[in-house]
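Q: I'm new to reading protein structures. Could you walk me through one, feature by feature?

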Amino acid sequence: MTEDDTRTATRSDPDGGPFPLLIAVAPSPDERIRLAEQLDGIAPLLLVADLDELRRLIAPAQQRAETPPATVDASLVIDSTRATARCRNREVDLTRLELDLLTCLTTEPVRVWSYAELHRTVWRDEGLDGKSDVQSVVKRLRHKLRQLGTGATIDAVRGVGLRLTDRRQPRIGRA
């Protein structure tokens, strides 16, 4: 630890006691990024997608220890903070583009997203026809979903776009 790190740590938590923590709930990756940029340097920041995620994070350790182990769950779980996707006991790392695309598709799993909509949402630009960009990320995501052994897959709808489909219909949740 350098001298600057020591000073920073001392300022934020001088005696090992409580320190200010700013918690923000924002459902979309765009909103979380915007909040992180605006609130940078104000206080330690915890960004969560929803209140359920916040409850899991701040649940007392004792309560978590008493919870019986869950049965093996076949749902696809996306962990935005760690940029991973999990199913059963398997986990794969996701790039930012893969994470944003999968998150976008899971917000409305039955909806068919056009390539332009996906490109606008994931790449955050409107001027480009990003069909090949989207297809490249989808190819990698399909491979990772197969590695996980989940029933979820990304299907192409001819002449329209893409949608997330679940062959075995397990729940799709968020971590």
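Q: Okay, where does P20 lie in the chain?

A: First, keep in mind that this is a predicted model. P20 sits in the loop that links α1 (3-12) to β1 (22-25).

Q: Is P20 buried or exposed?

A: To judge that, look at the relative accessible area, where exposed means over 50%. P20 has 55%, so it counts as exposed.

Q: Which residues does P20 touch, leaving out those up to four places away in sequence?

A: Those would be A43 and P44.

Q: Let's zoom out. How many helices and strands are in the chain?

A: You'll find seven helices and eight strands. Of the 175 residues, 33% are buried. As for contacts with a separation of 6 or more, 48% come from residues 24 or more positions apart.

Q: Pick a helix for me. How far apart are the end C-alpha atoms of α7?

A: They are 26 Å apart. Helix α7 has 18 residues (131-148), and at 1.5 Å a residue it should span 26 Å, so the two values agree.

Q: Which residues of α7 are buried?

A: Here's the general idea: an α-helix has 3.6 residues a turn, so residues three or four places apart point the same way. In α7, the buried ones are V134, V137, V138, L141, K144, L145 and L148. They cover an arc of only 125° around the axis, which puts them on the same side of α7.

Q: And which exposed residues are on the face turned away from that buried side of α7?

A: That face carries S132, K139 and R146.

Q: What follows α7?

A: Next comes G149, and its phi is positive, near 75°.

Q: How many disulfides does the count come to?

A: For a disulfide, two cysteine sulfur atoms must be within 2.5 Å of each other. By that rule the count is zero.

Q: How many aromatic pairs does the structure hold?

A: A pair of aromatic rings is described by the distance of the centres and the angle of the planes. This structure holds zero such pairs.

Q: Then what lies over the face of W113?

A: That's R111, at 3.7 Å from the ring centre.

How values were computed:
Residues numbered from 1 in each chain as written. Predicted model: local features only at pLDDT ≥ 70, side-chain atom pairs only at ≥ 80, totals over all residues. Heavy atoms only, no water. Phe/Tyr/Trp six-rings, centres within 6.5 Å; stacked < 30°, edge-to-face > 60°. Lys NZ or Arg CZ within 6 Å of the ring centre and 35° of its normal. Helix = DSSP H or I, 4+ residues; strand = E, 2+ residues; numbered from the N terminus. Expected span 1.5 Å × (residues − 1). Buried < 20%, exposed > 50% of the residue type's maximum accessible area, 1.4 Å probe, protein only. Arc of directions from axis to C-beta. Contact = heavy atoms within 4.5 Å.
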